[in-house]
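Reader: Can you walk me through this one? Keep it quick.

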Amino acid sequence: MNVPSIRRAVFAEVVGTFLLVFFGCGAVATAVAMAAPVGLFQVAAIWGLGLSVAIYLTGAISGAHLNPAISLAFALFGDFPPRRLPVYWLAQFAGAFIAAGAVYMLFSGAIAAKETELGVVRGAQGSEATAMIFGEFYPNPGGKPLPPEANSIVTAGQAFFAEFLGTALLALAIFGFTHRSNSGAPGALLPLAVGITLTTLIGVFAPVSMAGFNPARDLAPRIFSTMTGWGSLPFTVNGLGWLTVYLISPCLGACAGAAIARALFGERG
């Protein structure tokens, strides 16, 4: 059997994460800036299909983690070598950052026009309406400035729980679908099964926390947005939520989901 080299695996994580974030954030951009997809389900479906495409292309090379939280869970509860975590994380953040740049290159004009329409100044309060194309906020701005009562609509604790539970369910599905003792595993249809899972989860959790479930998908585009005019706003709208809700919570959730899968199916996949 030809085992891919670590260089090929890392490059596959860059490519796969790029595809996931480009398709997903691109769908958000078309919805926010151009009113193209109508309704949450269409955006969720594009995220899910984008994930399926990325897994089909890179799964045999790198395992298609495409998510630092999932890589961490595989290191702790699977057979992924922990020494590979740093390079996988770096590759995932790089792929997500490049994807954010590609999305901005395509939609920068439409984003600026939307800001003019809304009467918001990029980087000032209210511009989370367009910053949400890149980073995530709670509650979901829905392409508009968050209202003054936003903190009472979705609290920090609720957003943390949403990202924890959503990522736990995603990890449970991934570990369960890939476990050798699961007679109901989807086999060759695994990428579609995982994509459908993500679509379903986004449909439930996106109104609460925008359904990130992926530290690379959130942080890399969030940093990119600070470099293209939004300044500190992406890191201040929800206080420390960028850290607790969108980085720490998914990592804890992925490990919880993997632990539940281990309890269901056994020690190793």
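Author: Here are some helices and one glycine. This is a predicted model: local features need pLDDT of at least 70, side-chain atom pairs count only at pLDDT 80 or more, and totals for chains, interfaces and linings use all residues. Residues are numbered from 1 along each chain as its sequence is written, and side-chain values use heavy atoms, with hydrogens and water left out.

Reader: How many residues are in α10, and what does it span?

Author: Helix α10 covers residues 241-265, so called from a DSSP run (H or I, at least four residues), numbered from the N terminus. It has 25 residues and reaches 34 Å from first C-alpha to last, close to the 36 Å expected. The expected span is 1.5 Å times one less than the number of residues.

Reader: Where is the kink in α10?

Author: At S249, shortly before the proline P250, and about 35°. The bend is the angle between axes fitted to the seven residues ending there and the seven starting there.

Reader: What do the buried residues of α10 pack against?

Author: They pack against α3, α7, α8 and α9. Among the buried ones are Y246, L247, S249 and P250. Buried means under 20% relative accessible area (1.4 Å probe, protein chains only).

Reader: New topic. Is G135 buried or exposed?

Author: G135 is buried, at a relative accessible area of 1%. It sits in the loop between α5 and α6.

Reader: Which residues does G135 contact beyond its neighbours within four places in sequence?

Author: M210, D218, P221 and R222 (contact: heavy atoms within 4.5 Å). The C-alpha atoms of G135 and S225 are separated by 7.5 Å, though 90 residues apart along the chain.

Terms used: Helices (H or I, at least four residues) and strands (E, at least two) are DSSP runs, numbered from the N terminus. Buried means under 20% relative accessible area, exposed over 50%, partly exposed in between (1.4 Å probe, protein chains only).
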